[in-house]
Amino acid sequence: MVGGGSADLAPSVAVKVFSAGAAGCVADLVTFPLDTAKVRLQIQGESKPSLEAQRMKFRGVFGTIFTMVKTEGPRSLYSGLVAGLHRQMSFASVRIGLYDSMKQFYSRGSESAGIGTRIMAGCTTGAMAVTFAQPTDVVKIRFQAQSRLLESGSVKRYSSTFDAYRAIARDEGVRGLWKGALPNITRNAIVNCSELVTYDIIKELILKNKLMTDNMPCHFVAGFAAGFCTTIVASPVDVVKTRFMNSMPGKYSGAMNCALTMLMKEGPTAFYKGFVPSFLRLGSWNIVMFVSFEQIKRGVMRFQQSMEPSL
């Protein structure tokens, strides 16, 4: 991405990969309750609710958070956090950390990459990241979706993160850990392009027109814009991905069947369920992640430079 590191030295690929993974974890820690509320709103309506579930119907972002805290306790907001951190360390590190490398690869080392090149780089790293991190995404969503209360006569599906990995592999086969990989690849191609390309272009324009310096305010504005654009284009795919990955075996024949079922039963507005928490989450996540990414990257570069004389 545009902008120099500490002392104008370009950070290595290893520094970018580490910084992206660490920044993703920081962003998840800050915004995880919003993500959990988003998942609960997205899956609401996919099954016939019991009378108890109807009384607990989630209404809005903060209504969902309040209901969860009241009925399930504050810890429910961080259900699946361990899997979420697993996901970011393997996912953000690849899709964000390798973006510049892919951009240079497609532009054959040119410093001025066009929008087509940036989109191709975003799609590539997004697809690569899903290959590594899909099991962690499946477990994270299963944990966020499950309720501690008995709803529709069901009980908690998993007792811990590692129990979820084992249970899914045992009951659904290894393929169960990669359930929803196709919609997730689609979603992450869209998310990666929206997030990284928007951030890259807006940051570049801000610096080129000397509106701000390459520092926190610039990263904040570019990160907010990236989150807004991503929410607009990615919400429908995100809802389908969440529904499909959380479904019991055999409920849907595939992602397209899941989308068609939603359209027929709930109408087109179902694809934008949880839009407000999605925007609050993606907007805040992008701000925290990109600001953290730039600062961690610079911090690692300064540390490397400080160690050079003693080597």
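Is tyrosine 78 buried, partly exposed or exposed? Tyrosine 78 counts as partly exposed, because its relative accessible area is 34%; buried means under 20%, exposed over 50% and partly exposed in between, with a 1.4 Å probe and protein chains only.

A word on the model before the close-ups. This is a predicted model, in which local features need pLDDT of at least 70 and side-chain atom pairs count only at pLDDT 80 or more, while totals for chains, interfaces and linings use all residues. Residues are numbered from 1 along each chain as its sequence is written, and side-chain values use heavy atoms, with hydrogens and water left out.

**View 1. The largest nonpolar core has 18 residues.** Such a core is a set of buried Ala, Val, Leu, Ile, Met, Phe, Trp, Tyr and Cys residues joined through side-chain atoms within 4.5 Å. Met1, Ile96, Met289, Phe290 and Phe293 have the most contacts inside this core. At least two of its residues come from each of α1 (13-43), α5 (99-106), α8 (181-208), α9 (216-246) and α11 (275-307); helices here are DSSP runs (H or I, at least four residues), numbered from the N terminus. Helix α11 gives the largest share, four residues. Apart from this core lies another, of 12 residues, including Val138, Phe143, Ala164 and Met245.

View 2. Contact means heavy atoms within 4.5 Å. Serine 292 lies in helix α11 and is buried, with a relative accessible area of 15%.

**View 3. Phenylalanine 32 and tyrosine 78 form one of seven aromatic pairs.** Rings of Phe, Tyr and Trp (its six-membered ring) pair if their centres lie within 6.5 Å; planes under 30 degrees apart count as stacked, over 60 as edge-to-face and the rest as tilted. This pair is stacked, because the ring centres are 6.1 Å apart and the planes are at 15°. Phenylalanine 32 lies in helix α1 and tyrosine 78 in the loop between α3 (61-72) and α4 (81-95), so the pair ties together parts that are 46 residues apart in sequence. Phenylalanine 32 is buried, at a relative accessible area of 0%.

View 4. Phenylalanine 224 belongs to helix α9 and phenylalanine 279 to helix α11, so the pair ties together parts that are 55 residues apart in sequence. Phenylalanine 224 is partly exposed at 40% relative accessibility, and phenylalanine 279 is partly exposed at 22%. Ring pairs link Phe224, Phe228 and Phe279 into a cluster.

**View 5. Lysine 38 is found in helix α1.** At 7% relative accessibility, lysine 38 counts as buried. Beyond its neighbours within four places in sequence, lysine 38 is in contact with Asp238, Gly274, Pro277 and Ser278. The C-alpha atoms of lysine 38 and threonine 242 are separated by 9.8 Å, although these residues are 204 residues apart along the chain.
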